Amino acid sequence: MTTTPSTLPDGGPRTHYLNAAYGLKSWLLTRDHKRIALLYLVSVSVFFALGGFMAVLIRMELATPEGDFFQPDIYNRLFTMHGVLMIFFFLIPGIPAVLGNFLIPLMIGAKDLAFPRINLFSWYLYSIGGALTLWALLHGGVDTGWTFYTPLSTNYVSTSVLTVGVGIFIAGFSSILTGLNFVVTIHRMRAPGMTWFRLPLFVWGHYATSIIQILGTPVVAITILLIAAERVFHVGVFDPKIGGDPVLFQHLFWFYSHPAVYIMILPAMGVISELVATFSRKPIFGYKFVAFASIGIAVLGFLVWGHHMFVAGQSIYAGVIFSVLSMLVAVPSAIKVFNWTATLYKGSISWDTPMLYALGFIGLFTIGGLTGVMLATLGIDAHVHDTYFIIAHFHYIMVGGAIMGYLGGLHYWWPKITGRMYPVFWSKLSALVVFVGFNVTFFPQFILGYLGMPRRYHSYPPEFQVLNVMSSAGATVLGLGYLMPLIYFTWSMRYGPKAPANPWGATGLEWQTTSPPPVLNFETPPVVTTAPYTYPVAANAPEVRSV
Amino acid sequence: MIPSSPVLPDQASDVARSVDHLMLFALSGLVVFSTLIAVLVLVFMVKYRRTSANQVGIDIYETNPKSHILELVWSVIPLGLLLVLFGWGTKVFFEQNRPPAGAAQYWVTGRQWMWKIQHPDGRREINELHVPVGRAVQLKMISEDVIHDFFVPAFRIHVDVLPSRYTTYWFKANRTGTFHLFCGQYCGVEHSKMVGSIIVMEPRAYEAWLAGEKTGPSATGVASGEELFVSKSCNTCHRPDSSARAPVLNGLWGTQVSLNDGTKAVANDDYIRESILNPGAKVVQGYQPVMPTFRGQISEEELIQLVNHIKSLKGAPAEAGK
């Protein structure tokens with residue numbers, strides 16, 4: 001990346017993490033958490049673009065009831081790879097590896113993460129896993145669905161299941177190591193005075209996420225090994241023809257993959273807490289409730305995997321237990337939404353771009369969460385299970401929630417990351433276009449699902465066409481909404497106006513250092529004396545934020 | 001058949017109506033809460049928008065002792081509503097999953113990518129199920145390969161069809177018509193072609209259909225259970241006399257069987273199927289595990305015939321009942 005050096009107020013050039021060294025080697029061998037975050041930013045953007053492109057092709061096929069655009073085997077590969085790339089290579093690493101990596105040391109007043117080399121190694125693991133998965137994509141792809149249900153995935157398809165499995169396996173270690181790095185950093189490297197209850201809620205969100213990454217990811221790794229054992233050595237684990245139990249796979253898979261949903265949403269919730277506080281210029285209402293809600297979600301999240309299996313042949317009494325536990329998870333999520341809303345009360349609210357994304361998040365996450373409650377209700381799930389209702393629900397959480405949070409966070413910290421501002425008009429327009437496009441795409445899918453359109457159908461009965469056309473049209477708008485930030489962020493890296501240290505008048509330690517930060521983050525080691533979000537900001541009073 | 005409503009699928013059973021009522025309740029909760037949040041957010045956004053560059057918000061949490069009460073209120077009220085929804089949902093789920101006594105038993109075999117269905121009288125059809133209106137129908141389902149799922153939106157219930165054991169689906173259609181049958185679990189290349197119809201008929205029309213010449217694919221060459229019992233040589237050991245090397249099967253159905261390892265098992269569909277495929281898994285007390293496995297030598301449809309045959313064997317259970 002070429003960035004012209006910033007200048008000190010007296011006009012002299014200032015050394016920061018971006019201009020401290022140049023050349024490919026200075027990036028690929030860096031141990032600076034900020035540079036590693038940018039490596040991740042580039043990688044996850046590539047996977048997001050690929051996954052998004054597949055979504056476009058899927059929506060093209062579904063514009064007509066007949067399977068006329070692709071053959072079914074190609075269509076099945078498309079939705080499988082869309083899911084695999086988006087979940088394992090974009091959503092799970094997304095916010096933690098990009099924003100978390102960049103910000104956690106800055107927010108707690110540390111020079112770097114606890115294990116800088118492991119941090120770089122994590123990026124390499126992620127990249128190797130991703131490269132293997134892309135290689136598999138070009139060599140036959142995989143058509144099991146991202147859920148890899150057995151015995152279909154072990155004994156009935158001949159596509160690159162193993163290669164993709166190994167890709168996910170390797171990338172999983174990247175996730176485990178990142179979580180470990182965060183936990184140790186948060187425990188051991190806080191600046192003097194940065195007590196646990198002075199941590200920004202973004203850090204609490206990532207702490208909860210890290211717990212899930214460390215405890216959950218090994219289970220999916222073991223599951224992949226068992227799949228390999230069955231596919232390669234015909235050890236009967238999951239296929240009943242050789243003595244296995246196919247439902248066992250679902251237990252193992254969802255024991256990780258349900259908490260994985262919280263890996264995607266908890267960091268986004270952390271971002272939203274920062275945005276709501278900053279753009280209301282007041283502390284988050286009920287800081288401790290919001291902080292502990294993150295931990296509560298992480299812990300309860302491990303006890304609800306069976307709600308993916310209400311109709312999978314598990315005992316109906318098991319279904320009852322998993323249903324009531326799933327209801328309990330909704331409580332901490334509701335607490336967060338109410339607390340964010342209450343924070344706005346008597347705030348000093350600005351309508352800057354990141355705040356628009358945050359409000360979009362609150363709206364979409366509320367719908368996503370409440371439809372999740374419907375799915376936790378046994379009698380409703382038994383009908384809408386594996387229909388477009390569930391597709392709509394989890395896109396409201398993952399796209400409406402996690403991606404809105406990710407984009408809101410990028411817009412918020414972009415000045416800190418790059419030292420540049422981006423165009424106000426275009427960025428506000430992008431927030432609006434994404435919000436509208438998203439709803440037009442996914443709201444019709446709730447209705448489609450209740451009408452009974454099953455997911456993963458390449459062709460469908462003609463009465464479902466109208467809603468599918470609406471959804472495809474919305475996807476076009478949504479795609480445009482995502483292209484806009486890509487364009488103006490790229491533009492801003494070279495041409496954007498220089499950003500001040502604290503363009504939003506925010507309180508966090510990351511805003512007390514320069515933009516972009518120096519290599520070791522702070523010119524003088526910070527000392528923390530107040531709770532987070534204590535306004536007014538004393539020394540570094542609100543600066544000009546116009547562009 | 002085009003549904004009569006653009007947002008509600010056909011409602012063809014009492015259970016479907018229960019599900020719709022439950023959904024309506026959940027939906028009204030969704031509308032109330034999301035409207036509440038949306039209105040509050042928009043009102044605050046406008047009312048408290050920043051009017052000068054240095055303006056800051058007012059922290060009401062620390063100064064107001066009632067803040068903690070507020071936190072409790074918006075934790076406890078949602079929790080209460082969630083538990084109501086849970087209870088109601090569970091009640092409906094039991095309705096969906098518990099067939100009434102005396103339901104007519106049909107058999108369903110799923111395979112990539114078709115549904116094979118057998119009526120109580122042995123008649124068979126593919127991808128279509130004709131049933132009389134107003135009669136409770138129970139489906140015992142099994143898959144020959146991967147996991148499938150029996151899904152009829154008009155009845156508002158999905159049940160996975162597993163390759164390892166029988167699962168049960170039931171419905172009682174309350175109106176005539178033709179309704180979609182979908183495979184609801186992704187099962188490979190032609191998953192979206194694993195579809196069919198449930199044709200609900202007036203009882204008289206159903207009788208006429210059963211009696212009619214229109215046999216369809218009924219003659220699929222599956223031998224009857226009685227024939228299989230002989231051709232697979234089951235009868236050489238499982239004889240209804242005391243000198244047999246294997247347990248007597250007459251009257252076995254539904255009884256509790258004592259096993260070699262001291263545990264007990266109920267002689268139901270799954271027990272019999274397992275005993276044929278994996279005879280060593282549950283050996284009846286007092287017998288040697290000498291029976292060979294029939295895994296790979298017998299199809300799921302043949303297994304259904306055998307299970308049905310053994311179920312029909314009447315007579316006093318000589319030893320099994322002890």
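Predicted model: local features only at pLDDT ≥ 70, side-chain atom pairs only at ≥ 80, totals over all residues.
Residues are numbered from 1 along each chain as its sequence is written, while chains are lettered from A and ligands numbered from 1 in the order in which they are written. Local features need pLDDT of at least 70, side-chain atom pairs count only at pLDDT 80 or more, and totals for chains, interfaces and linings use all residues.

**Exercise 1. Find the strand partners of β2(B).**

Step 1. Helices (H or I, at least four residues) and strands (E, at least two) are DSSP runs, numbered from the N terminus; two strands pair if DSSP finds at least two bridges between them.

Step 2. Start with β1(B), which pairs with β2(B) in the antiparallel sense over five bridges. A hairpin with two residues links these strands, and B:Val108 faces B:Ile117 of β2(B).

Step 3. Now turn to β3 (residues 124–126) of chain B, which runs antiparallel to β2(B) with three bridges. Here B:Lys116 is opposite B:Ile126 of β3(B). The hairpin of β2(B) and β3(B) has five residues between the strands, and its B:Gly122 takes a positive phi near 95°.

Step 4. Finish with burial: a residue is buried if 20 or more other C-beta atoms lie within 10 Å of its own, with C-beta atoms placed from the backbone. Four of the five residues of β2(B) are buried, so this strand is largely enclosed by the rest of the structure.

**Exercise 2. Describe how the two domains of chain B meet.**

Step 1. The domain assignment, which is automatic or from a database, gives domain 1 (104–218) and domain 2 (225–312) of chain B. Their C-alpha centres lie 27 Å apart.

Step 2. Count contacts (C-beta atoms, placed from the backbone, within 7 Å). Nine residues of domain 1 of chain B touch five residues of domain 2 of chain B.

Step 3. On the domain 1 side, β1 (104–111), β2 (114–118) and β5 (136–143) of chain B each give two or more residues.

Step 4. By class, that side has three nonpolar (Ala, Val, Leu, Ile, Met, Phe, Trp, Tyr, Cys and Pro), two polar (the others, Gly among them) and four charged residues (Asp, Glu, Lys and Arg).

**Exercise 3. Characterise the side of chain A that touches chain B.**

Step 1. In chain A, 78 residues are in contact with 71 residues of chain B.

Step 2. Helices supplying at least two residues include α3 (72–108), α8 (246–280) and α14 (424–451) of chain A. The largest share, 14 residues, comes from α10(A).

Step 3. This side of chain A has 48 nonpolar, 22 polar and eight charged residues.

Conventions
Buried ≥ 20, exposed ≤ 12 C-beta atoms within 10 Å, placed from the backbone.
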